Amino acid sequence: MTFRKLCLLLLVCCIFLTGCFDSSVILERLSISVAMGFDKKNDEEMVVTTVLLAALPEATEASQVLSVTADTSKGAKDKFDREVSRKLVSGQVRSIIYDRGLAKEGIMNIADTLSRDPAFGDMVYLMVSNESSEDLLHYKYTHFPNVGLYLGEMIDQNIELGWLMPSTIHYFRKRFYSVGIDPALPIIERKGSLLNVKGSAVFRDDRMVGEISAKESSYLTLVSNKIKPSSLQIVMKKDGLSKYIKHDTQRTPTVKVDLRNLNFSTSVKLVSAKDLQFEVNVKMDSELQEISADYHFSIPGAIDLLEREMKSHLEQELLAFFEHLQQLGSDPVGFGEIYRSSVRHSGITKEQWRDMFPKAAFKTNVNIRLVRTGTIE
């Protein structure tokens with residue numbers, strides 16, 4: 001090593017050494033926000049709630065929750081600064097919750113403002129609360145110390161398992177500005193002292209126009225997302241399987257089947273631009289983990305019949321799901337994008353696709369193969 005290089009190395013080391021600091025001292029001077037909630041109060045004002053992370057070692061609570069009334073998110077920030085004893089920072093916000101009132105009115109103004117704030121960034125999760133976000137965030141939960149951190153982890157896990165579509169600010173803005181596809185955000189609710197993902201809110205532009213169930217949310221990821229559902233429950237009529245049910249001790253009209261370790265292959269095609277017909281193909285290999293009936297798997301033809309019944313049921317469920325989206329006037333699957341990419345020089349606009357989407361026809365083809373039936377047999 002030359003003398004010149006040695007001097008340069010020593011200089012770099014000195015810079016890093018002099019730059020070291022006690023992070024605990026800095027943290028004790030900050031009020032760190034980890035979640036924010038926005039509720040519609042009236043035509044001009046909203047209630048803004050923030051969940052703060054307790055950084056002081058002597059703090060008795062793992063979080064502090066504050067609410068203020070303001071007409072803008074920036075105005076709320078100023079009010080929060082007057083109420084806390086340490087500088088409020090938003091760099092650790094992972095969840096932003098909107099109540100239904102704001103979601104139905106339009107959330108792009110708030111989402112866009114926050115996305116342009118370098119303290120937030122584009123990877124913050126957006127969600128809709130079944131109740132007011134103020135009530136949801138102020139509730140004293142016994143199973144987790146900080147509701148703001150828990151919400152981010154809960155949504156992250158549901159997305160990783162393929163039960164929810166991505167719901168970051170980046171995802172929302174991308175779909176808002178795209179032609180032929182609409183955003184969908186998770187709906188969260190409080191049940192007792194627990195939080196639950198109820199389903200998904202579907203949007204037209206930036207306004208919530210309806211909701212889909214948790215099962216339909218998994219169908220949405222199945223058809224349109226790269227991350228497919230890790231499990232799927234199918235509820236079928238018992239009549240079609242009665243031939244292979246040994247002892248029908250449960251007097252219920254349905255049979256529940258739980259599928260795990262799913263291996264999906266999904267495609268959506270425009271088969272007729274003139275008649276606006278789409279074909280959705282799903283090929284799935286899976287393991288049967290549980291069945292609610294005493295099913296006789298060892299009899300020849302039993303597994304084939306079960307596969308056919310599941311195929312028929314899932315095809316009907318997907319058709320019903322697409323029709324539900326048409327009734328709501330929202331296209332989170334992105335059929336419009338598929339049309340636009342399939343028809344050259346279509347020049348379709350958002351308004352044109354709004355008129356076309358309810359008239360679309362769908363055909364579903366599902367191929368289910370059980371690669372393992374577990375220990376049931």
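About 30 Å³ of space lies in the largest cavity, where a cavity is a set of points on a 1 Å grid over the protein atoms alone at which a 1.4 Å probe fits but cannot get out. Grid points are joined across faces, edges and corners, and a volume is the space filled by probe spheres set on the points. This is a predicted model, in which local features need pLDDT of at least 70, side-chain atom pairs count only at pLDDT 80 or more, and totals for chains, interfaces and linings use all residues. Residues are numbered from 1 along each chain as its sequence is written, and side-chain values use heavy atoms, with hydrogens and water left out.

**The chain as a whole**

- The chain has twelve helices and 13 strands; these are DSSP runs numbered from the N terminus, with helices being H or I of at least four residues and strands E of at least two.
- Of the 377 residues in the chain, 47% are buried (buried means under 20% relative accessible area, exposed over 50%, and partly exposed in between, with a 1.4 Å probe and protein chains only).
- Among contacts with a separation of 6 or more, 68% join residues 24 or more positions apart; a contact means heavy atoms within 4.5 Å.
- The chain exposes about 19400 Å², and carbon and sulfur atoms supply 51% of it.

**The cavity**

- Rolling a probe the size of a water molecule over the atoms shows where empty space is left.
- One cavity of 30 Å³ or more turns up in a search of the whole structure.
- The largest cavity is lined by Ser178, Gly180, Ile181, Asp182, Lys350, Trp353 and Arg354; lining residues have an atom within 4 Å of a point.
- Two nonpolar, two polar and three charged residues make up that lining (Ala, Val, Leu, Ile, Met, Phe, Trp, Tyr, Cys and Pro count as nonpolar, Asp, Glu, Lys and Arg as charged, and the others, Gly among them, as polar).

- The largest pocket has a volume of about 460 Å³; a pocket is an open set of points with protein on both sides within 12 Å along at least five of seven lines.
- This largest pocket is lined by 20 residues, and Met165, Tyr171, Lys174, Arg175 and Asn225 are the closest to its centre.
- Helix 8 (169-177) and helix 11 (335-342) each supply at least two residues of the lining, and helix 8 gives the largest share, four residues.
- By type, the lining of the largest pocket holds nine nonpolar, seven polar and four charged residues.
- The second largest pocket has a volume of about 340 Å³.
- Its lining has 17 residues, with Trp163, Ala214, Lys215, Ser218 and Ser231 nearest the centre.
- Elements giving two or more residues to this second lining are helix 7 (147-160), strand 8 (194-204), helix 9 (214-224), strand 10 (231-237) and strand 11 (254-272).
- Seven nonpolar, seven polar and three charged residues form the lining of the second largest pocket.

**The nonpolar cores**

- In soluble globular proteins, nonpolar side chains tend to be buried together.
- The largest nonpolar core has 88 residues, and Phe38, Ile96, Phe278, Tyr295, Leu306 and Phe335 have the most contacts inside it; such a core is a set of buried Ala, Val, Leu, Ile, Met, Phe, Trp, Tyr and Cys residues joined through side-chain atoms within 4.5 Å.
- Helix 10 (residues 302-328) gives the most to this core, with ten residues.
- Another core, of 19 residues, lies apart from it and includes Val51, Leu136, Leu164 and Leu195.
- Leaving aside neighbours within four places in sequence, Phe335 is in contact with Gly180, Val268, Phe278, Val280, Phe322, Trp353, Phe357 and Phe362.

**Helix 8**

- Ile169, Tyr171, Phe172, Arg173, Arg175 and Phe176 are the buried residues of helix 8.
- Those buried residues pack against strand 5 (95-99), helix 5 (108-115), strand 6 (125-129), strand 7 (184-191), strand 8 and helix 12.

**Two loop residues**

- Phe357 lies in the loop between helix 12 (350-356) and strand 13 (361-372), and it counts as buried because its relative accessibility is 3%.
- Not counting residues up to four places away in sequence, Phe357 touches Leu325, Gln326, Ser330, Asp331, Phe335 and Phe362.
- Ser132 is found in the loop between strand 6 and helix 6 (133-138), and it counts as partly exposed because its relative accessibility is 21%.
- Ser132 touches Asp39 and Asp99, again not counting residues up to four places away in sequence.

Methods. Areas by Shrake-Rupley, 256 points an atom, 1.4 Å probe, with all protein chains shown as cover.
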